Amino acid sequence: MVIYFSGTGNSAAIARTVNSHFNSQLIAMEGDLLLYPKANTLSCDDNRIIWVTPVYSWGLPPVVVNFIKHCNITNAESARHHLIVTCGDDTGMTASQWRKLMHARQWTAASATSIIMPNTYVLMKGFDTDSTAVEKQKLAAAPTQVKKAIDRIESECNNDDMLRGSFPRIKSYLIYPWFIRYAMSPKPFCATDACISCGKCARNCPMLNITMSATGRPEWSNACALCLRCYHQCPTHAIAYGNATKGKHQYRGPQIL
């Protein structure tokens with residue numbers, strides 16, 4: 001079984017590629033499954049469960065943390081769990097965070113592997129998507145990294161192959177908690193006059209968090225994963241995050257890896 005969360009498509013592309021290799025069951029963490037993990041039971045007959053997720057500020061996305069804590073998966077106790085994360089640069093102590101969550105559920109945490117993918121975070125000063133050249137370079141290198149992750153899973157590795165980067169503990173144990181608490185508000189999201197009221201943002205939101213107002217403009221509620229799918233998929237680049245996204249670019253996501 002491959003369970004994944006993806007905002008802009010990087011983790012989804014990795015999950016699909018991994019799942020096609022193992023010919024397994026592919027589950028997307030989104031919609032009611034993500035919002036109400038206790039109310040749903042996933043039936044798993046596999047002897048391995050592969051988690052695929054992006055890294056948020058050197059840690060797991062809060063919605064993924066919540067899902068792991070509360071989801072119901074048959075056979076999870078006897079299966080071996082593997083982690084694949086996508087990141088623009090490095091991961092900090094993300095693997096350690098995941099292993100603690102697995103331990104709390106009394107699940108067996110096996111391998112953890114990181115894969116470099118194009119940057120998508122644009123909501124702070126100094127953060128933007130990669131240049132076209134860097135994006136192409138990362139996507140060209142991704143299949144080799146995916147194959148390595150698959151080989152590690154097949155060989156039943158029990159260790160981490162994560163690009164932790166410099167000062168990983170500071171990033172994951174200081175910056176990550178600050179980011180989760182103070183930098184994940186959906187309140188600055190708005191639609192500019194470029195909005196054509198197509199509703200794509202509302203239809204595709206993994207948290208069902210966006211509704212179209214009577215004026216035809218999208219409105220954001222509080223159940224936001226800050227995945228940026230709405231921002232990057234907007235066909236007219238009409239979604240803004242206050243002034244933080246002024247002059248920033250969009251990332252359309254990988255096609256096939």
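**Exercise 1. Pairing of β4 and β6**

In this predicted model, β4 and strand β6 (residues 80-87) are paired. Find the sense of the pairing and how many bridges carry it. Then name the bridge partner of Ile49 in β6.

*Solution.* 
- Step 1. β4 and β6 pair in the parallel sense. Seven bridges join them.
- Step 2. Look across from Ile49 to β6: its bridge partner is His81.

**Exercise 2. Extending the sheet**

Which strands make up the open sheet, and in what order? Which are the edge strands?

*Solution.* 
- Step 1. Go from β4 to strand β1 (residues 2-4). Three bridges join the two, and they run parallel. Tyr4 stands opposite Val52 in β4.
- Step 2. Go from β6 to strand β7 (residues 108-116). This pair also runs parallel, joined by seven bridges. Val85 has Ser114 as its bridge partner in β7.
- Step 3. The open sheet has six strands, β2-β1-β4-β6-β7-β8, with parallel pairing.
- Step 4. Read off the edges. They are β2 (26-28) and β8 (160-161), each of which pairs on one side only.

**Exercise 3. The two sides of β4**

Take strand β4 (residues 48-54).

*Solution.* 
- Step 1. Recall the general rule. In a regular strand, side chains alternate between the two faces of the sheet.
- Step 2. Check the cover. Seven of the seven residues in β4 are buried.

**Exercise 4. Helix against helix**

Describe how α1 meets helix α5 (residues 132-154). Which residues make the contact?

*Solution.* 
- Step 1. The two axes come within 11 Å and cross at roughly 45°.
- Step 2. That angle makes α1 oblique to α5.
- Step 3. For handedness, α1 passes α5 in a right-handed crossing.
- Step 4. On the α1 side, the contact residues are Ile14, Thr17, Val18, His21 and Phe22. They meet Val146, Ile150, Ile153 and Glu154 in α5.

**Exercise 5. Aromatic pairs**

How many aromatic pairs are counted? Classify Tyr121 with Phe127, and Phe189 with Trp220.

*Solution.* 
- Step 1. The count comes to seven aromatic pairs.
- Step 2. Take Tyr121 and Phe127. Their ring centres are 5.5 Å apart and their planes stand at 85°, so the pair is edge-to-face. Phe127 is partly exposed, with a relative accessible area of 40%.
- Step 3. Take Phe189 and Trp220. Their ring centres are 5.4 Å apart and their planes stand at 15°, so the pair is stacked.
- Step 4. Phe189 lies in strand β9 (residues 189-191) and Trp220 in strand β11 (residues 218-220), so the pair ties together parts 31 residues apart in sequence.
- Step 5. Check burial, using the cut-off of under 20%. Phe189 is buried because its relative accessible area is 7%. Trp220 counts as buried at 15%.
- Step 6. Look for a cluster. Ring pairs link Trp51, Phe67 and Trp107 into one.

How values were computed:
Residues numbered from 1 in each chain as written. Predicted model: local features only at pLDDT ≥ 70, side-chain atom pairs only at ≥ 80, totals over all residues. Heavy atoms only, no water. Buried < 20%, exposed > 50% of the residue type's maximum accessible area, 1.4 Å probe, protein only. Helix = DSSP H or I, 4+ residues; strand = E, 2+ residues; numbered from the N terminus. Pairing = 2+ DSSP bridges. Phe/Tyr/Trp six-rings, centres within 6.5 Å; stacked < 30°, edge-to-face > 60°. Axes fitted to C-alpha atoms, helices over the stretch in contact; angles between N-to-C directions. Parallel < 35°, antiparallel > 145°, perpendicular 65-115°, else oblique. Left-handed = near helix turned anticlockwise from the far one by under 90°. Contact = heavy atoms within 4.5 Å.
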